[in-house]
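Please look over the chain shown here before reading on. The briefing below goes through its elements by topic.

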Amino acid sequence: MSKVTTKLRIPLTILILSFLSIGLVQAAPVSGNWSQQGIHQRAHQSHNQHAPNQKKTNQSKKLAVNSSQQAAQLAKRQYSAKVLSVQSTSVNGSPGYRVKLLSNKGMVFYATVNARSGSVSRN
């Protein structure tokens, strides 16, 4: 890593965190790795979004939380914190989300949201 890149990394990180904390920028959901295979799978999934998928529809009806945005809102409301990222995960064998949060005191912490029950717990 060059000296210029190293010198710019810290101020840039501070600037991004500042924007997040005052609400000028929203963090994008984080999911999976961005390998070539992952990109290909996401492109394929995006292409097939227009085709009806009965299994996915039935599964989402059973869930209390159907999206990463809903999970972020639940965690944000419960802990009065800024959402930094959301990642799909398994919570005690059930589908769920892992939410990275920034407290009002500047502490970063994680919460899990159980998609079936809608329960939120802090890790």
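Just after helix α4, S80 has a positive phi of about 50 degrees. Helices (H or I, at least four residues) and strands (E, at least two) are DSSP runs, numbered from the N terminus. The model is predicted: local features need pLDDT of at least 70 and side-chain atom pairs count only at pLDDT 80 or more, while totals for chains, interfaces and linings use all residues. Residues are numbered from 1 along each chain as its sequence is written, and side-chain values use heavy atoms, with hydrogens and water left out.

**The chain as a whole**

- The protein chain has 4 helices and 4 strands, and along the sequence they follow the pattern α-α-α-α-β-β-β-β.
- Of the 123 residues in the protein chain, 22% are buried; buried means under 20% relative accessible area, exposed over 50%, and partly exposed in between (1.4 Å probe, protein chains only).
- Contact means heavy atoms within 4.5 Å. Among contacts in the protein chain between residues at least 6 apart in sequence, 38% join residues at least 24 apart.
- The protein chain exposes about 9300 Å², and carbon and sulfur atoms supply 55% of that area. Accessible areas come from the Shrake-Rupley method with a 1.4 Å probe; for residues, only the protein chains shown count as cover.

**The sheet**

- Strands of a sheet pair through backbone hydrogen bonds, either parallel or antiparallel.
- Here 4 strands form an open sheet in the order β1-β2-β3-β4, with antiparallel pairing; two strands pair if DSSP finds at least two bridges between them.
- The edge strands of this sheet are β1 and β4, each of which pairs on one side only.
- On average, neighbouring strands of this sheet are turned by 25 degrees against each other, direction ignored. Axes are lines fitted to C-alpha atoms, for helices over the stretch in contact, and angles run from 0 to 180 degrees between N-to-C directions.

**The β1-β2 hairpin**

- β1 (residues 82-91) and β2 (residues 94-102) pair in the antiparallel sense over 9 bridges.
- These two strands form a hairpin with 2 residues between them, and N92 in the turn has a positive phi of about 50 degrees.
- S85 stands opposite K100 in β2, and T89 stands opposite G96 in β2.

**Helix α4**

- α4 (residues 68-79) has 12 residues and reaches 16 Å from its first C-alpha to its last, close to the 16 Å expected at 1.5 Å a residue. The expected span is 1.5 Å times one less than the number of residues.
- The buried residues of α4 are S68, A71, A72 and A75. Seen down the axis of α4, these buried residues fall within an arc of 100 degrees, so they line one face of the helix; the arc is that of the directions from the helix axis to the C-beta atoms.
- The face turned away from the buried side of α4 carries the exposed residues Q69 and R77.

**Where α4 meets the sheet**

- α4 lies across β1, β2, β3 and β4, and runs at about 50 degrees to β2.
- The buried residues of α4 pack against β1, β2, β3 (108-114) and β4 (120-122).
- A72 in helix α4 is buried, with a relative accessible area of 12%.
- Apart from its neighbours within four places in sequence, A72 is in contact with V83 and V86.
- A72 and K100 are 28 residues apart along the chain, and their C-alpha atoms are separated by 8.8 Å.
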